[in-house]
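My notebook is open, and I am jotting down what I look up as I go.

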Amino acid sequence: EWTFATAALAEMHGLRADGPFLEPGFVRWALASTGRPECIGSRPIQLALGGPKVEHATGKVALREAFATVASWRRKDPIEVGSGITVIGHDPFWAELISDEEYRAEAAALASRGYVIKNKEHLANFRAFEAALGRDGARHPTRKRLPVGQGCAGCCFDVGSALFCDVCGAYPATRS
């Protein structure tokens, strides 16, 4: 099951966010009345604020056309882009904090415990995870870690049949 922070963030500021793709009535209509051509296609999109519109592959076409505002035809970026976190997500930022040798050794040790550590930022986050929740997330309030080779492909936490792991961010999280 996918989760989105939009409603919780809005509520923290006394606002309400409506997400059409989370509304059961809209989902029923979309599934019954639209196909891929109505949802995904090439349209003139503004890739940068104030920039020219260029032909670009985009999703949510039905919504963009229904609400045809300036914001409707912008490029869709994940929240981490707009928040600026991608600026520190590059390895040069982490190079001062974690050496290449330290990363390789620790990532290999964690792989033997069933963790896939993608980069130095991921290692720093994993360290914080274990500092807060104990070795292997033993104190995680809602998720259970399974034996190595079971559960999420990235961290061995139980994900059931979910495609996305909300513990480590793996997608797809299920093992084949």
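Leaving aside neighbours within four places in sequence, which residues is H140 in contact with? I find F129, L133, F157 and V167, taking contact as heavy atoms within 4.5 Å.

**Ground rules.** I note that this is a predicted model, in which local features need pLDDT of at least 70, side-chain atom pairs count only at pLDDT 80 or more, and totals for chains, interfaces and linings use all residues. Numbering starts from 1 along each chain as its sequence is written, and side-chain values use heavy atoms, with hydrogens and water left out.

**Entry: H140.** I place H140 in the segment after α9, a helix spanning 120-133. Helices here are DSSP runs of H or I with at least four residues, strands are E runs of at least two, and both are numbered from the N terminus. I looked up the spacing to V167 as well: 27 residues in sequence, and 9.5 Å in space from C-alpha to C-alpha.

Next I checked the H140 side chain for polar contacts (N or O atom pairs within 3.5 Å; within protein, one atom must be able to donate a hydrogen and the other to accept it, and residues adjacent in sequence count only if both atoms are side-chain atoms). The side chain reaches the backbone nitrogen of R143 at 3.0 Å. A polar atom of the H140 side chain also lies 3.1 Å from the backbone nitrogen of T142.

**Entry: salt bridges.** I count a salt bridge when a side-chain nitrogen of Lys or Arg is within 4 Å of a carboxyl oxygen of Asp or Glu. How many are there by this rule? The count comes to nine.

One of them joins E102 and R127, at 2.7 Å from N to O. E102 sits in helix α8 (residues 100-112) and R127 in helix α9, so this pair ties together parts that are 25 residues apart in sequence. I looked up accessibility too, calling a residue buried under 20% relative accessible area, exposed over 50% and partly exposed in between (1.4 Å probe, protein chains only). E102 is partly exposed at 32%, and R127 is partly exposed at 29%.

R113 gets its own note. Its salt bridge with E130 has the closest N and O atoms 2.4 Å apart. That pair links distant parts of the chain, with R113 in the loop between α8 and α9 and E130 in helix α9, 17 residues apart. Are R113 and E130 buried or exposed? Both are buried, R113 with a relative accessible area of 15%.

R113 also meets D136 in a salt bridge, at 2.8 Å from N to O.

Entry: Strands pair if DSSP finds at least two bridges between them. Strand β1 (residues 41-46) runs antiparallel to strand β2 (residues 53-58), and six bridges join them. Q46 has K53 of β2 as its bridge partner. β1 and β2 form a hairpin with six residues between them, and G50 in the turn has a positive phi of about 80°.

**Entry: cysteines.** With a disulfide taken as a pair of cysteine sulfur atoms within 2.5 Å, I count zero. C156 is in no disulfide, and its nearest cysteine sulfur, that of C155, is 6.7 Å away. C156 is buried at 1% relative accessible area, whereas C39 is partly exposed at 27%.
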